[in-house]
Each structure stands twice: as C-alpha cells, then as structure tokens.
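Have a look at the structure first, then read on.

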Amino acid sequence: MATACSIRVRGVVQGVGFRPFVYRLARAHMLSGWVLNGQRGVEIHLEGTEEELAAFVEDMKNKPPAAAQIAEIEVETAECEGLRAFTIRESERLGRPTVRVSPDLPVCEECLAELFDSSDQRFGYPYINCTNCGPRYSVILELPYDRPNTTMRKWPMDRYCSDEYRDPANRRFHAQPVACPECGPSYFLLEGMATISDGEAAIARAARLLREGKIVAVKGIGGYHLACDARNGEANRALRERKFRKEKPFAVMAKNLETARELIRVTPDAEALLLSLARPIVLASRKVELDGVAPDNTELGVMLPYTPVHHLLFAAGAPDALVMTSANRSSEPIAYQEDDAVERLAGIADAFLIGERPIARRVDDSVARAGVFGPTILRRSRGYAPGAVAVLPTQQPILALGADLKNTITLVVNGEAFVSQHIGDLDHYQAFRAFEETVNDLISMYDVRFEDLLVAHDCHPQYASTMHALGLPAARRCAVQHHRAHLVSVLAERGAWEEMVVGVSVDGTGYGDDGSIWGGEIFAGSVAGGFERVAHLRQAALAGGDAAARYPVQAAAGFLSQLDSAPDLTAEPFYFGSRFVNAVQLVRRDVRAFPTTSMGRLFDAGAALLGFVRETSFEGQAAIWLEQLARKASSNDAYPFPFSDGELDFRPLLTAVIQERLRGRPVSEIARAFQRGIAKGLAATVRTVSEERGIYNVVLSGGVFQNELLLQDLKPLLETEKLRIWVNHAVPPNDGGISLGQAAIAVFAQGWDNGGSYA
Ligand SMILES: [Zn+2]
Ligand SMILES: [Zn+2]
C-alpha cells in the first residue's frame, strides 16, 4: 500500500549536492516522486511504503552531504499521485527565497585525484569541481542556485559535462559550475606585453616566476592574491615596498599539512581548523623565521591550498611556502575583477595568472585561531560567509550595518541572521563602495524591500555606516550602542536571550551613552531586558580623539598625566617625542582632549612605555606588539590594577611599568606583568559584579580579546565552579561581530530602558 508525503528541508541545502543526494536516496529506498530547489528550501514529494518513507527521512537526517547543514525538516502527508519514477524538477522562483547560500568549498579529494590523473578528462584542469566542492557564494548571481544564475552562464556545457550533469549516479549530477577543458573557462598568464594562453603552460610559467623570486598575482575564488616565495626575504621585502604595506603580517599558503607543520606549531585543534571546509588562515606559534613575512610576531598565519589552481601551482614546482596576501594596496578591498586587478596591481605584480571565470563578489580569506576557549574567527569571510550564524526570534526583516572598522553587515530574513563577508575599514573609499555593493547584493539576493526593513546601526553620529543607515528608505531605524552590540553578538550565537550575564566589552573605540569614547566596559543584564553599565576603566583624556589610535605616545599622554610622579618621559629609557609633549599640553589645557575609557588605548600606553614610540601602521599594532613581547617572558608576577567603586584604576599599573622600566627590568617581563595585571583586574571586577548581583554567566567580547595571552591568563582566574564563560565562535570578537549584535538588539531594544533608541 503506497502512501505519500511532502518534505521541506531548510538550511544550507542548495549548491551542496543535496538534490542528487535525495535522488540517490529515494532510488535506494525504491521511492517515486520528485525533488526541487524551491524558494523555501529543498522540496521533496515521495511515494512508497511507510517503512521506506520513514527510513528515507532517517537517512536524510543522519547522512547528509558533507557540506550540507540541515536546519529544519518538515514532513507532511500528501496525496498519492501514483508516480512511477523519481525525478529532479526545475527550480521554482515565486516569492522571497529563504534558502541559505552555501559558502565556497575547497576542492574535494575525489576531484583532486582526477586533477592529477593523466587519463582523466579534467587532468590538470584548474576549474574542476563537483557537487561536493567548488565555488558557490563567489559565483552566484542570484537565487535559486542554478547554472543560468551563476557566473558560469556564458560557458555552455559540452556533451561530456552535460552527460555527467544529467546522470543522477554521477558526482557531478547538477553540479552547477561543472566544466572541462573542452567547454569551460581556463587560465592564462599576462607578463608584460606577453600572454601565455595555454592553461598548463601559464601555470608552469607562474610557478617558475615564483621560484625566481618574482611576485605573481593569482586569481582565486573570491579575489586575487599576490604571491611570492615566503622563504625569499628579498621577494617579501619587494612585495611590502610595492604594496605600501610596512609591517602588517603576510599570510602564507603551505603546500600541504607537512609543510604547515614545519612553519607553525599545529595542535590538533589548529589542524582541524586548517583542514576545515572554510580553509581559513590559521594563526599559530611560528617555528621558523621567515624574513619579512611577520615582523615582530611570534605567530604566523598559514592556510592550505583550496582551489585546484593552488594545487596545480605547487605541483608545477612553486615554492612549498608561498606568501599569499590579498591583492590590494594597503587598506583597500581585495581586487576581484580583471581590469581592476591589472590596473591596480600594475607596478606590484610581475605577472598575472588570470582565470576566466568571473567572480560574482569579492570574498577575502578568513582568519581563525585555535584559542584557549575554542576556535575563534578573527576575520569571517571566504568559506564562512554568507552562512547563517544565529536564529533570532523575529519575522521582521532586519539589516544591521555594523561599525566602521572591520565592517560586516548582517541581514535577518525569517529570523535567520546572515552575516556578510569581511568588508574592511569604511573610511577608505574603495571599502565604502564594497560596503554599498554588499548591502545591495544581500538585499536583492534575499529579495527584501528596503521599505520593509528595520535598519540597525551604530550610535556614532559620524560613522559612514550610520550616515548610510540614515539615508536608506527603511521602515524603522534603531541606533545600537557599540559595546552592548559586542556582548550581544556572543549571546546571539547561543540564542541566550533571557539569561542574565556579566559582560566584559573591551576594545579600542566605540561611542558611549554619554558621547565619550568607551572601550573598557562591564555590563550586567540580558538581551531581553537590556544592559546596565556597572563598571568601567577609570576615565582618561585622549588628546586628538580617535586619531590618537595611530600614535601610542599620544594615546599615553592622558593616562600618564594622571600619575602622581612621572619621570621625564622624553628622556632615557622612554624617548617619547614631541607628539607626546604636545599631547600633554592639549590634555592640561583641555583642548581637543576627549574623555575615554578605552582599554585599547591603555594597551597603547603600556606599549609606548615599553618602547613602541613610533606611529602604528595598522589597527591594533601596538597592543599586538606588547602581547608578542610578553610571550617571550616566563615570569609570573602581575602589576596591580585594582577595582573599586565601579572603576578599574590604571594608575598603579602604569606606575609599576615606569618604575620597573627605570630599574632596568627586561621589557618582556614588564609586558608580561602588565598583561597579567590586566587579566587579574578584569577577573576581580567580574567576580565582584557576579557576587553582588548573583549572576554567574560571563561574556567576553571586543577587539581586546583577540589577545590570546590575555584569554590564557583569564581562563584559570574565571573558570571557577560558579562561573561560566562565553566567548564568540561564529563571528569575530572584534568589530566584525558588531552587525550581528546590532541585529539581535534591534529585535529586543524596544523594551529596554536604556541603550536601544528608536529613530
Ligand atoms: Zn569535487
Ligand atoms: Zn565539458
């Protein structure tokens, strides 16, 4: 007796080989019916015996394709139509899509085996892929995910590919970007006026140029990389010079896991990250010194090859460790279109290895670390975006525009929060353009109308993202305080709306409730009820405001002028320059001096006292420098950083640094005691607030928690029987996580007494 049911599957189920999987599964269970990619996910109609129907659902739940993520399965009984076979039907596009777009996937083992099999049709073909691997987000032009809606639409399949594409038993059944050397796009090499158009010869030449110490721009999945031999100091220095990138570390692509092990300390957790489907750049302690790759840093960022062209380059003899840095000039977004790349990178790259398949949108490499509290994503982009990271209790479409540094945006549709790829620092024109593009891209991909949106944005009136929010034709707007957004990003990941927490939100800069520059804030409360600021870093003056972030001595002036007896800091061993003297003058006269509680600036002050007296060349550099310095010490004392009356007092901390410096203690030991002092001070604050209020969940977020040593120090201090520590795992603790927190606060803020204001 045949019965029928209809099934709807939501989650990451399109572009991950789900329909072919369903097809094979239905045949295995002798079921008839059909499957299609609908607007609301994958829709399945099944007819057969009740036992087989039930077995099908079990198998679908338990053995889905590797890259699929099933969020929800709805099963309903249906009318039996007496169907004889199982078929895959054309996609439907009616209303608003609610499917999730899959992130880009690394080339799979089976495709890799074919890539290096000389008898295979796709031997050496840089665009080999199948339903288990290959590009997704970076080739999708619109939903649903079908070939005519991808950047592959201008390459009609030949007989060979279309036979595979149509064969339900084949791994390439409905693999949208499928192609072969006969019918698909290829790679070519531009070197000066010369072009090598044969793909194999182009890759061989690129590998040779890399061996010779040249810089080659290589088109990948979500943009161009600039590549050179990581073990060639001269090449690395040339790349820095031409790219105007003074000191910020370069990422390295290792040929394989063995090479990665030579470069960095690969713990089991780090290995899992290296091999994860996102293939992020993984930060870990370095084992070798690569001249010019990561100056002043004990860590190195390493990733493994993820596109076929990377594997082909290494197989063609490219050096086994390649610097692979986003192809751009400093602070600009990654280049992803040919004309743009060749124009912007002329003078940087000696040659261009260009793939013909267009990139639909730029997606940078992601950066992650196997941290002491578990995996942390520091830059969430390729391989993760635009995956959903949280489910919010709302049907209201929400667009959250993030902060101006390390910007990402979040779009909430049917309660699912999709976080965009890393966009960058919006004060750069190119990044702001990318921001506008990404807003329009996500809005149109999910078919949301601006008029229906609740738009969440930062409270900072001068942020480019705020001004953009105010210009959108939205239904409603909600201004969200920066540091509460950090905390709520952690709680949104967990769906912890009601839980009371003590929240530590520490970073460089954010606009506070009182208009001052916040950054060392402790809150108590819940997402549903709002957060009260219960403690903070003692306030100091910041001469020159946010601009002081680039000059640690300038940031230090306001903190140091509160000390009772400070020595002449322009003299030995400090050598602070005129910028410090001028800043002290501004602070004394209260001219262009802004009140701040920024923990990031306190780290800058510490770094300045320890010898970082130059201008920084990237955000957070002085704090990273201090952390790296502290890692070299084995001492275990801590300088006092006392907490009382709601205030963490930095004066004893900085006084100790100065005295020890004058006494001639090694700077690494001073840095270590400074770091540990901060950890102890924060832990004491958390414990006090926790006891006073009877709240035992603790949230740590904000850019300062990119400091892994600080987390290592905090862990034993906080992980007591009573306290539970929650940190970010799905979005970054830095400002890349702000948009998620904004979106979640926008859902609840109407009920808050403070912090969430509606416009
Ligand atoms: Zn594959
Ligand atoms: Zn073909």
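1. D447 sits in the loop that runs between helix 11 (429-445) and strand 21 (454-458). Helices here are DSSP runs of H or I with at least four residues, strands are runs of E with at least two, and both are numbered from the N terminus. D447 isn't a glycine, yet its phi is positive, at about 55°. Its relative accessibility is 34%, so D447 counts as partly exposed (between the cut-offs for buried, under 20% relative accessible area, and exposed, over 50%, using a 1.4 Å probe and protein chains only).

2. Before going further, the ground rules: this is a predicted model, where local features need pLDDT of at least 70, side-chain atom pairs count only at pLDDT 80 or more, and totals for chains, interfaces and linings use all residues. Residues are numbered from 1 along each chain as its sequence is written, chains are lettered from A and ligands numbered from 1 in the order in which they are written, and side-chain values use heavy atoms, with hydrogens and water left out.

3. R592 also has a positive phi, about 45°, and isn't a glycine. You'll find R592 in the loop between helix 15 and strand 27 (593-596). Is R592 buried or exposed? With a relative accessible area of 54%, R592 is exposed.

4. Now the cis peptide bonds. One runs from A385 to P386, with omega near 0°. P386 belongs to the loop between strand 16 (374-379) and strand 17 (388-391).

5. The bond from E572 to P573 is cis too, with omega near -5°. Here the proline, P573, is in the loop linking helix 14 (552-560) and helix 15 (578-589).
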